Amino acid sequence: MRNPQLNANGELTHLLSIEGLPREVITQILDTASSFLKVSHRDVKKVPLLRGKSVFNVFFENSTRTRTTFEIAAKRLSADVINLDVTRSSTAKGETLLDTVDNLVAMHADMFVVRHAASGAPHLIADHLRRLGREDVHVVNAGDGRHAHPTQGLLDMYTIRHYKTEFANLVVAIVGDILHSRVARSDIHALTTLGAAEVRAVGPQTLLPTAIEKMGVRVCHDLCSAIRDCDVVIMLRLQNERMNGALLPSAREYFRCYGLTPAVLALARPDAIVMHPGPMNRGVEIDSDVADGPQAVILPQVTFGIAVRMAVMGILAGN
Amino acid sequence: MNEQTLQIRNGRLVDPANGVDARLDVFVAGGRVAAIGQPPPGFTAQRVIDAGGMIVCPGLVDLSARLGAIEPELAAAVAGGVTSLACPPDSKPPLDEPGLVERLVRRSDTVGLARVYPIGALTQQLAGERLAEMNGLARAGCIAFSQAKRAIVDTQLLLRAMQYAATFGYAVRLRPQDDFLARDGVAHDGEVASRLGLTGIPVVAESIATATALQLAAHTGVRLHLSRLSSAAAIGLVRAARDGGMPVSCDVAVHHLHLSEMDIGFFDSNARFDPPLRAASDRDALRSAVADGVAAICSDHTPVDADGKQLPFAEALPGASALELLLPLTLLWATQSRVPLLSALARITSDPAAILGIAAGSLGVGAAADLCIFDPDGSWRVTPEALRSQGKHTPYLGYELSGRVHLTLVGGRVVFEG
Amino acid sequence: MNAQKTPHGVALPDAEALCVQLADLIRPHLQPETVVVGIHSGGAWVAQRLYTLLGLDAEIGLIDVSFHRDDYRARGLHPRVKPSSIPFDVEGRRLILVDDVLYTGRTTRAAINELFDYGRPARIQLAVLADRGSRQLPICADFCPWRVDLDPSSELVLSLDDSGRLQWSLDEHA
């Protein structure tokens, strides 16, 4: 089965998931991103690569923050950006996902940035475009269900590489609601592909997916032993609706067992960095003293995110 | 169309019900098997069918096939060599009223292709709250009662449903799955679902419901058939019950003999099934159970249109078009598992007929002349055009399969000729 | 000059010697505030040589034109984009843009575009080691020690040998 992200020449034509991306492709994206990072520091923060191209932000699930970062990235590449709030318009009228796509293709879209609540929705769109013979239209997955959030995974790798240079000897802990987290899955694929020494998946059994160890991680239930000697700690957001009841007794108990406090972080390596995909729940998964502390690199993640998204769009649109 | 007198000659007759596997001619008169081997005295054939190089077997009996539109699906059935099929009650509306059953029987009789045996709803609207009028439904033509894919969550009501069915000697068929454990699930709770971020249905959802059904059946004495088992654990429970002398039967959908969770690939909605495709080890346990005769095979034919499949995996409808693939996929399994043809065909003829308690799946003298002539080596490509069913979706689209039906008889009438 | 001979009979001069000649051409025009900007990757090496030979004070700038190339639609983004680094304020500066080979002029056009994204320079002059003709844009070099006519199937390539010396080679395309 051909990797649906690659075209007949083996070039990256969609970014759907980090799973199956060769190490060289990930490295190329990160290297390109570092060039784009410099662009953001210039007088004119724009390059003309995507001039005349139409990028459609198609968000079936609301996320102003992610949509904005894609919008900034596309605009810095000189693309025309059209934001569609599909949560309200078409689906409410009974239009299917592929109807929406057909309509946008008819409007000469060159790239879709898609967020959808269902895992696999961007794959469906990419497959549909292939059947239409429209491989010149590119799909970027901006988060699908619990499956993948590849640009977040890539910007996390960019951040780690920025502070740690090499992946080979790194111990990385991913803490929290891995079950529902597309970020965790993308980070795990990226870290294992880039050769991190150890990736620890940390949380109570109710928040860890079945057979997660098959993805190449070590499962830990105890936060202290999981954080010990870590180089990188990635904290995941705990959604409000998961806090009370079936998966966890309460936010208070969760923070007591899995919240990252300065005392717990002290167990990690002294130069360990703390990451979070945002938005943070202070006092639920992370203590404010850690979130605002010297080891947190949460805001640099946001800055790097724009450069990484520029790199992804720049590479895809050229293939 | 009047029944002709027919002679089917030169074929290899494989009739599991009678333990026959030999080069024997079959003589048909008055819609029934008139003789095997030598013609009865004074027989003249109005039509002689040459079955040289082909296999002649009883028409296939399918334990579960959903009919969307009746005519195309029954045409698909006979094109696949299926002459009798049991239809689950989860049609729209569900088969919980005698009038609906009578209409289905009448319409399928009018179409006059495969024989249709309705399975009645165990509870009204399949809602699992109030018992359906089982006696009235049986009088209208239902041969067993089931909840199709729906569970009876209230175990007291399940007990009562079994007791009531047992009162009249009706068989109860259950697709065992615990509603709570399967909530929102769309795929086997294993490494593939975890990787793809799909909500999983754990094996315990099936094994717990199986154990519950077995215990209640033992308690009530109802005749129980478990439909479409998907896991090694559930098969193990059925084996143990049968070893303990309980007359429980079960079946496995033909796709589950071949496919596993891995076949979901990159969210292929054609691999979305209910119950889900499970781990390779589960599939292997299902294969052994069928080889051992513990389980029969059904097509679980479910025609789904493009609108139902061209959706993100979790939103797509489960099921596949399978009436025309039942024979080739059974033959493929038999070849791969080195199961003799006689045993393999038993799983789709005499075994399901016995489970349904219908006079079918046998070519003994005097039996209805429901039969299928197929070329075991004749291969064909599965394409939307090749399928007569209105459901064009199957994981086997594009595959080349062996086992091509040449001719199908129902009651001595040629209902399909390829 | 110890020139190499290629199979096609084109004499390839010594690249290091050309750098010295180029520096000699530039020197009389040098102003105190002049800075040198090299285009990745050949131009960057030449710019390094000029920095040393001319004894410049200001750090050199490096520029990667991948983001401004006009063949992006046909060829995609270059797989190894290097960050541009302009460690000085471009506004009002006199710049000498340095490349190894001047050919169609498209790279120079892209580099000038990129430089303008940093500010408005007072003047840009172009210095190249070789001018092989066949321009497709109205661009010409201000400083050039070697002009040569080459067949379009030949690619003139500047590279670093194992000892770190610049050398020319000629790649033939079918």
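Predicted model: local features only at pLDDT ≥ 70, side-chain atom pairs only at ≥ 80, totals over all residues.
Among contacts in chain C between residues at least 6 apart in sequence, what percentage join residues at least 24 apart? The figure for chain C is 66%. Of the two pairs of chains that touch, chains A and B have the most contacts.

**Contacts between chains**
- Chain B and chain C have no contact with each other, and their closest C-alpha atoms are 27 Å apart.

**Chain C**
- Chain C contains four helices and eight strands.
- Along the sequence these elements come in the order β-β-α-β-α-β-α-β-α-β-β-β.
- Chain C is as compact as a globular protein of its length, because its radius of gyration of 16 Å is close to the 16 Å that the globule rule gives for 174 residues.
- The C-alpha trace of chain C spans about 45 × 40 × 30 Å along its principal axes.
- Of the 174 residues in chain C, 38% are buried.

**Strand β1 of chain B**
- Strand β1(B), residues 6-9, pairs with strand β6(B), residues 47-50, in the parallel sense, and four bridges connect them.
- In this pairing B:Leu6 is opposite B:Arg47 of β6(B).
- Strand β1(B) is also joined to strand β4(B), residues 26-29, by three bridges, and these two strands run antiparallel.
- B:Gln7 has B:Phe27 in β4(B) as its bridge partner.
- In a regular strand, side chains alternate between the two faces of the sheet.

**Helix α1 of chain B**
- Helix α1(B), residues 70-79, is largely enclosed by the rest of the structure, because seven of its ten residues are buried.
- The buried residues are B:Glu73, B:Leu74, B:Ala75, B:Ala76, B:Ala77, B:Val78 and B:Ala79.
- These buried residues pack against β9 (82-87), α2 (98-111), β19 (400-410) and β20 (413-417) of chain B.

**A:Phe112**
- A:Phe112 belongs to strand β3 of chain A, which covers residues 111-116.
- A:Phe112 counts as buried because it has 26 C-beta neighbours inside 10 Å, and the cut-off for a buried residue is 20 or more.
- Apart from neighbours within four places in sequence, A:Phe112 is in contact with A:Phe56, A:Val58, A:Leu104, A:Ile125, A:Val139 and A:Val140.
- One of these contacts, A:Ile125, is 13 residues from A:Phe112 along the chain, with 9.3 Å between their C-alpha atoms.

Key: Residues numbered from 1 in each chain as written. Chains lettered and ligands numbered in written order. Pairing = 2+ DSSP bridges. Buried ≥ 20, exposed ≤ 12 C-beta atoms within 10 Å, placed from the backbone. Contact = placed C-beta atoms within 7 Å. Rg over C-alpha atoms; globule rule 2.2 N^0.38 Å.
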